[in-house]
Amino acid sequence: MSAMLIFLAGIAVVITWWMAQQRLTSKPWLEVGNAGDAPRYDRSPIATAKIGLGVFLAVVGALFTLFISAYFMRMGVEDWWAIPIPGLLWVNTGVLMVSSIALQRAKTEAHKNQTGVMKIALLAGLVTGVVFLVGQVFAWRELTRAGYVLADNPANSFFYLITGMHGLHILGGLVALSRTTLKAWEGARPDRVRLSVELCAMYWHFMLLVWLILFALFAGWANDFVDICRQLLT
Amino acid sequence: MVNIPSSIDDTVPAAEVEDVELYHPHSWWTTYVFSQDAKVIAIQYSLTAISIGLVALVLSWLMRLQLGFPGYFTFIDADRYYQFITMHGMIMVIYLLTALFLGGFGNYLIPLMLGARDMVFPYANMLSYWLYLLAVLVLAAGFFVPGGPTGAGWTLYPPQAILSGTPGGQSGGIILMLVSLILFIIGFTMGGLNYVVTVLQGRARGMTLMRMPLTIWGIFTATVMALLAFPALFVASVMMLFDLVLGTSFFMPAIVEMGTQLQHGGGSPILFQHLFWFFGHPEVYIVALPAFGIVSDLISTHARKNIFGYRMMVWAIVIIGALSFIVWAHHMYVSGMNPNFGFFFATTTLIIAVPTAIKVYNWVLTLWRGDIHLTIPMLFALGFIVTFVNGGLTGLFLGNVVVDVPLSDTMFVVAHFHMVMGVAPIMVIFGAIYHWYPKITGRMLDEIMGRIHFWVTFLGAYLIFFPMHYLGLLGAPRRYYELGESAVNPPSAHDLNVFITLMALTVGAAQMLFLFNLVWSLRHGKEAGGNPWRATTLEWQTPTTPPPHGNWGKELPVVYRWAYDYSVPGAPQDFIPQNQPNPDRLSMENAS
């Protein structure tokens, strides 16, 4: 569970940082407002939807970290042999990166009120997102054909399980992204879709980050890290 | 807004309508069924939770009948007994307590106590309820599939959970259980996002974090914990489903079942235990923290005194929340793990006693020289404190590795967790229902029925669970269908079991009286008025009772003080609502 504890430590840092700004040492029983005062709203200027997405991404992060924790713990058993990485995964990684860049571009253009470029960038992000998913399915097929089936070895099981879970999250993101794209192409003004575009970009960058970590994990680059963790625990 | 002299209304900028656009229902269906109003969702959550909770209550009677009169009720065979245990535990912990505290009280109280019109994402909030309902239906469907529901125990430990020797292990039962849990977690995440973000962003003017009632602090912290802990159960459920349906070996070791070698090999049952308890221990506090918060408000209101050590109470809630993530392996002392781990987890477990004890002291010090009104909510709050201390003390026994090892898997453990996480939170739930029912319906619950309900439930719970500690010390194991004649089951212990069973039936009957009261008082209860308890918090200051969709009419309330201004010296009444400003400057201006 060391990976999860590290993740939690990160969350704890964020929460502590946030709480440090909340005047938790104030003495509310002494602070009575006077009639005629106009107390302010005590909330973040960041859009509520963005905070909501931020909290959701923390939950998604916890989910994938727990899968990774389970992966590390199961890895210790002798019957484990790593799964080969199909070359297609490199392509998919590139495609997802392009998708993320496209959405970042859409976000910048939305801020500049450049409807035309934004629409194209959104569409590009959507299409590359779909291509990534299709690519993942082809990578699965390639592995299955080569005989690496789900139940043969725990490494295979984890590979299909975790990439599948990541794919489901991308699929959910695609639903939101296609709604945003549709809205933009139907001629909504950039300031009307700006928030949606920002949310999509934020989600996409996060899923890209998750994918890069997973890719490093499956490719075995994370093994040194695992060894360090294991030494810490024994 | 009440209690603000009209002359100053002009100087207060009109609290504009929230930037969250309110959804306005157009038909009966969208008002009462597919409603996006947090209050309706709260009632839907509560009624569903109580309904499935009743099923769990009946299951506990059946178990007690078997333990008190073994072999007398022939329809309770060993398989059914295990199914009853499993469903009773799972329903009570997750589908009743978690759903009722967070989905029920969370939805009702967060917007009202914070002065918001609704949750920030009403649509997701509605989906949350419908997924919860679906999860409950899938769970209940287990009773009707061939082979019945799973009988693996509420911890669902593999490998036994998915082997054919366990009831429901190779049939639909375990699948329905896992699918139901997955649905519940997805639904809860949607609701949980709402609870957290509404507390962050939805508060009225002047409602700083340190002016929030402790109820909200408890629900808020518990929700943050639940959002981080439930994914562990999600991961465990998905992986177990893979092991069962697709033949993977995440948790399943090489195993010979009924003379046949199974396909599985190499899996780690301990991995499941880590994941399960990484969720399971925070779950205890996910249930306890809202209870802590609510009970603080009940005590303060009904003792007409400000809560003692408000800041300390807030910090204690947060610290308990944080600590509860690093104690999970104290459920696994006998799993054969490294003794050094046991030492670490015993230490963290015992450290939790510090903030918890601070809370208990503060409750007692709030009562000290207070103007205690022994109303029914107060009775339940007092019942909670006593029960929680009792359950907490046996927790100190079980938190120590050397004491836990002989007591592990005995009735002592059953008695401990029923006191601390069963009876204690249920006391708070009852107290809270008696307290807020007048706001929800506009009528008071009947007093006489309420008092009978309290005394039978409170005394009965002790008569049920105190003897169980003794049985546990004798060595009576938990989870056994039948003990027969054995050293751990002398005739005296058997008589005790009969007694416990009779008490369980009595306490159960008292709950029927409570349910009757809930329905009867809807029509015949005393008119409550807007603020029957003369309480300070915002939900009691709504312009109409029960509050309509949008809660506040035209203007949102403005908050000028904390939630505990009871018996303020020199004040005309013994409470000052949170939205009432300090009149000093106004009267001075008038005088000049």
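UniProt positions are given here in the numbering of this model, with feature names shortened, and such annotations may be inferred rather than shown by experiment. With that in mind, the unreviewed UniProt entry for chain A lists "transmembrane region" at residues 6-21, 51-74, 80-104, 116-138, 158-178 and 199-222.

Some housekeeping. This is a predicted model, where local features need pLDDT of at least 70 and side-chain atom pairs count only at pLDDT 80 or more, while totals for chains, interfaces and linings use all residues. Residues are numbered from 1 along each chain as its sequence is written, and chains are lettered from A and ligands numbered from 1 in the order in which they are written.

Chain A, then. Its secondary structure is seven helices and zero strands; helices (H or I, at least four residues) and strands (E, at least two) are DSSP runs, numbered from the N terminus. Two of the annotated stretches can be checked against that. Residues 116-138 of chain A are 100% helix, with end C-alpha atoms 33 Å apart. Residues 158-178 of chain A are also 100% helix, and there the ends are 30 Å apart.

On overall shape, the C-alpha trace of chain A spans about 75 × 55 × 25 Å along its principal axes. Buried residues are 34% of chain A; buried means 20 or more other C-beta atoms within 10 Å of the residue's own, with C-beta atoms placed from the backbone.

Next, the interface. In total, 44 residues of chain A are in contact with 56 residues of chain B, a contact being two C-beta atoms, placed from the backbone, within 7 Å. On the chain B side, H6(B) gives the largest share, eight residues. By class, that side has 36 nonpolar, 14 polar and six charged residues. Ala, Val, Leu, Ile, Met, Phe, Trp, Tyr, Cys and Pro count as nonpolar, Asp, Glu, Lys and Arg as charged, and the others, Gly among them, as polar.

Last, H7(B). This helix has 34 residues and reaches 49 Å, close to the 50 Å expected at 1.5 Å a residue, that is, 1.5 Å times one less than the number of residues. Because 31 of its 34 residues are buried, H7(B) is largely enclosed by the rest of the structure. After H7(B) comes B:Arg304, with a positive phi near 50°.

Conventions:
A residue is buried if 20 or more other C-beta atoms lie within 10 Å of its own, exposed if 12 or fewer, and partly exposed in between; C-beta atoms are placed from the backbone.
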